[in-house]
Amino acid sequence: MGVEHCVPFSKPVPALHAVLTATPGEGVGSSPGSPTGSSTGAPGAPGAAEVSAAPSSSGPASSGPAGRENLPGILFGIGAYGLWGLLPLYFMVLKPAGAVEIVANRVVWSLVFCAILLTVMRAWKPMLAAGRNPRTVGTLAGAALLIAVNWLTYSWAVLNEHAVEAALGYFINPIVSVLLGVLVLKEKLRPLQWAAMAVGFIAVLVLAFAYGNVPWVALALAFSFGFYGLVKKGIGSRVDAVSSLTIETAVLTPIAIGVMIWLSMTGAATLTTNGAGHLWLLVASGIITAVPLIFFGAAARRLPLSTVGLLQYLAPTLQFILALTVFKEAMPPERWAGFGLVWLALVMLTVDMIGGPRRNRRLRAAAV
């Protein structure tokens with residue numbers, strides 16, 4: 001999708017380059033209602049929020065005849081969030097590999113795949129320029145640690161019969177993004193956003209009762225990804241998506257290689273001990289990390305923010321369905337009640353987000 005012909009390494013790939021090196025836009029991929037412009041709730045998608053510039057009235061999303069850009073954009077968006085939503089199936093296929101080994105391999109092979117992408121696109125120069133800036137590297141190192149926590153928590157949850165709670169984490173993520181906007185960025189909320197925050201807080205209390213304790217897995221996923229988006233917002237348009245992903249995985253790679261060596265020395269590694277199929281499945285984690293990122297970039301360049309925000313719910317919805325139908329996880333009535341409140345809060349945030357353009361038009365008219 002997006003690149004239909006192979007080309008020699010001596011030439012850049014214009015379409016791929018346009019998708020992957022577009023600079024971050026304000027709020028692209030933001031959670032609906034999120035004033036922070038943080039990353040979308042897509043599991044294990046470092047750099048997703050900054051893949052492309054925000055659609056504007058003069059951008060691709062509005063150019064040309066109506067619908068020309070939207071259909072491919074929607075298909076790319078469905079592809080990205082669909083792949084993220086099906087990620088639990090991939091983790092289950094990787095058994096007997098544990099969460100730590102999966103994340104270590106994902107880091108290493110993502111770096112390898114990023115290096116291949118940078119070579120194909122002839123885009124090493126901006127990546128190296130970003131890598132020479134201590135402040136940028138320091139910020140991305142913080143983002144790398146946050147996404148590592150997110151990946152590790154998510155992998156552990158899926159492999160240990162907590163896929164429902166993992167899906168809950170990404171449903172909660174937009175609410176957390178709004179909360180961080182208030183607490184960290186001192187932003188002001190509109191009445192409907194405050195109401196959504198209240199409903200979300202009640203939902204967490206109900207779910208704590210349902211689980212018998214605080215839903216730590218869901219909260220860890222939501223807050224690690226929320227803070228990840230907040231940190232990436234500080235990068236702004238200084239680093240493109242592939243350069244960002246490359247630096248983040250490069251920061252984590254020494255730790256990941258150390259973990260892989262330690263697992264091998266203790267006999268716990270499965271990379272080379274479970275056959276060629278298992279080895280190549282682990283190696284493919286680099287591609288599985290990057291391909292949805294490419295699709296998301298193609299979608300974000302073609303679609304309005306509101307459409308991207310709505311599409312993001314596809315991933316946790318698919319995870320939730322898989323948890324119930326494939327992994328057969330329990331869903332008693334009190335959990336349904338908690339999830340129902342979360343969904344209500346998301347509907348309120350989405351309604352507030354969709355009404356944003358109308359509010360902006362009224363404010364501009366009043367100013368004139």
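Author: We will go through a helix, some ring pairs and a few backbone features. Keep in mind that this is a predicted model.

Reader: Which residues of α2 are buried?

Author: Gly73, Phe76, Gly77, Gly79, Ala80, Tyr81, Gly82, Trp84 and Gly85.

Reader: Now the rings. How many aromatic pairs are there?

Author: The structure holds 16. A pair of aromatic rings is described by the distance of the centres and the angle of the planes. Take Phe91 and Tyr154: their centres are 5.8 Å apart and their planes are at 65 degrees, so the pair is edge-to-face.

Reader: Why does that pair tie together parts that are apart in sequence?

Author: Because Phe91 lies in helix α3 (residues 87-93) and Tyr154 in helix α6 (residues 134-159), parts 63 residues apart. Phe91 is buried, at 0% relative accessible area. Tyr154 is buried too, at 3%.

Reader: What about Phe320 and Trp343?

Author: They also form an edge-to-face pair, 5.6 Å centre to centre with 85 degrees between the planes. Phe320 sits in helix α14 (residues 314-325) and Trp343 in helix α15 (residues 333-354), 23 residues apart. Phe320 is buried at 6% relative accessibility. Trp343, at 28%, counts as partly exposed.

Reader: Which residues do ring pairs link into a cluster?

Author: Tyr90, Phe91, Tyr154, Tyr170, Phe225 and Tyr228.

Reader: Where does the charged end of Arg106 sit?

Author: Over the ring of Trp151, 4.2 Å from the ring centre.

Reader: Last, the backbone. What should I look for?

Author: Most residues other than glycine have a negative phi, and most peptide bonds are trans. Check the bond from Lys95 to Pro96: it is cis, with omega near 15 degrees. Pro96 is in the loop between α3 and α4.

Reader: And where does Arg122 lie, and is it buried or exposed?

Author: Arg122 lies in the loop between α4 and α5. It is exposed, with a relative accessible area of 54%. Its phi is positive, about 50 degrees, although Arg122 is not a glycine.

Reader: What is the phi of Lys328?

Author: Positive, about 55 degrees, and Lys328 is not a glycine. Lys328 is in the loop between α14 and α15. It is exposed, at 64% relative accessible area.

Notes
Residues are numbered from 1 along each chain as its sequence is written. This is a predicted model: local features need pLDDT of at least 70, side-chain atom pairs count only at pLDDT 80 or more; totals for chains, interfaces and linings use all residues. Side-chain values use heavy atoms; hydrogens and water are left out. Buried means under 20% relative accessible area, exposed over 50%, partly exposed in between (1.4 Å probe, protein chains only). Helices (H or I, at least four residues) and strands (E, at least two) are DSSP runs, numbered from the N terminus. Rings of Phe, Tyr and Trp (its six-membered ring) pair if their centres lie within 6.5 Å; planes under 30 degrees apart count as stacked, over 60 as edge-to-face and the rest as tilted. A charge sits over a ring if NZ of Lys or CZ of Arg is within 6 Å of the ring centre and within 35 degrees of the ring normal.
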